[in-house]
Amino acid sequence: MCGRFSLTVGIEQLQSLFGFGYSENIAPRFNIAPSQQVLTVVEEDGVRIGKMMKWGLVPSWANDPKIGWKMINARAETVDEKASFRRALKRRRCLILADGFYEWKKEGEKKIPYRFTLQNEQPFAFAGLWETWDKQGETLYTCTIITTKANELVGTIHDRMPVILPQEWHDAWLDTKLEDTDYIKSLLQPYPAEEMKMYEVSTIVNSPKNDVADCIKPVNGGET
């Protein structure tokens with residue numbers, strides 16, 4: 001699964017890389033957790049726009065928005081089979097922007113956190129799905145991150161990883177007219193391990209209350 005990530009760069013750099021319109025600034029986030037607002041990119045009438053959405057997808061037909069707590073991730077292998085994700089996979093795909101994510105390695109009774117980034121440390125986009133929930137007098141925009149089997153690097157820590165979409169696949173992923181499920185699912189692959197790196201970070205990241213720069217600093221001074 002993917003249960004925590006970061007986005008520490010400024011909006012100008014993100015707009016330059018991902019080509020979307022957005023009129024507000026964003027604060028650096030070092031420890032983004034489920035139920036919090038995340039920056040996404042969607043396509044509307046052929047134009048990319050940025051939207052803040054709550055992490056944890058709430059299907060439009062759900063009676064209770066608390067279901068979102070169970071919907072922070074969607075498995076690539078079955079995303080087209082699940083009622084909660086099937087329609088969104090065809091018509092409501094998004095990019096969820098990040099510059100790193102965390103996984104925990106079990107060592108005895110301890111869980112040691114590691115941060116994963118690209119080798120070039122540039123921001124990247126998770127494959128995401130989104131929905132609008134409009135009940136009880138409120139409208140929610142929510143999203144989920146699609147996960148797949150881990151590559152060789154992430155696999156040393158966890159057996160799953162978020163789907164990171166290469167830049168050249170962004171147009172297809174966001175294309176609302178593209179409904180070929182087989183082709184869409186073919187994009188949901190593990191990112192090449194050789195283009196990523198990881199390092200151990202402080203256990204302060206274990207608590208979502210800690211959203212500070214120390215969360216992304218290496219401990220023991222090493223990267224892999």
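Is Arg 115 buried or exposed? Let's keep that one in mind, everyone, while I walk you through this structure. Please remember that we are looking at a predicted model.

Let me start with the strands. Strand 3 covers residues 37–44 and strand 4 covers residues 47–55; the two run antiparallel and are joined by 8 bridges. To find your place in that pairing, look for Val 38, which sits opposite Met 53 of strand 4. The two strands make a hairpin, with 2 residues between them. In the turn you will find Asp 45, whose phi is positive, at about 55°.

Strand 3 has another neighbour to look at. It also runs antiparallel to strand 6, residues 93–98, and here 2 bridges join the pair. In this pairing, Val 41 stands opposite Leu 95 of strand 6.

Now to the charges. Side chains of opposite charge can pair when their charged atoms come close. In this model the count is 10 salt bridges, and I'd like to show you some of them.

Back to our opening residue. Arg 115 is buried, since its relative accessible area is 6% and buried means under 20%. Its side chain meets that of Asp 99 in a salt bridge, at 3.1 Å from N to O. Arg 115 belongs to strand 8, residues 110–118, while Asp 99 lies in the loop between strand 6 and strand 7, so this pair ties together parts that are 16 residues apart in sequence. Asp 99 counts as buried too, with 5% relative accessibility.

Next, Lys 197 and Glu 121. Their closest N and O atoms are 2.6 Å apart, and they form a salt bridge. This one links distant parts of the chain: Lys 197 is in strand 13, Glu 121 is in the loop between strand 8 and strand 9, and they are 76 residues apart. Lys 197 is buried, with a relative accessible area of 8%.

How far apart in sequence are the parts that Asp 80 and Lys 185 tie together? The two side chains meet in a salt bridge of 3.0 Å, N to O. Asp 80 is in the loop between strand 5 and helix 2, and Lys 185 is in helix 4, so the parts they tie together are 105 residues apart. Asp 80 is partly exposed at 23%, and Lys 185 is partly exposed, also with 23%.

Finally, the surface. Glu 152, Glu 168, Glu 194 and Glu 195 gather there in a patch of negative charge. Glu 195 lies in the loop between helix 4 and strand 13, and counts as partly exposed at 38% relative accessibility.

Methods. Residues are numbered from 1 along each chain as its sequence is written. This is a predicted model: local features need pLDDT of at least 70, side-chain atom pairs count only at pLDDT 80 or more; totals for chains, interfaces and linings use all residues. Side-chain values use heavy atoms; hydrogens and water are left out. Patches are made of residues with over 30% relative accessible area and no salt bridge: like charges are joined within 9 Å, nonpolar side chains (Val, Leu, Ile, Met, Phe, Trp, Tyr) within 5 Å. Accessible areas come from the Shrake-Rupley method with a 1.4 Å probe; for residues, only the protein chains shown count as cover. A salt bridge is a side-chain nitrogen of Lys or Arg within 4 Å of a carboxyl oxygen of Asp or Glu. Lys and Arg count as positive and Asp and Glu as negative; His and the chain ends are not counted. The place of a charge is taken as NZ of Lys, CZ of Arg, CG of Asp or CD of Glu. Helices (H or I, at least four residues) and strands (E, at least two) are DSSP runs, numbered from the N terminus. Buried means under 20% relative accessible area, exposed over 50%, partly exposed in between (1.4 Å probe, protein chains only). Two strands pair if DSSP finds at least two bridges between them.
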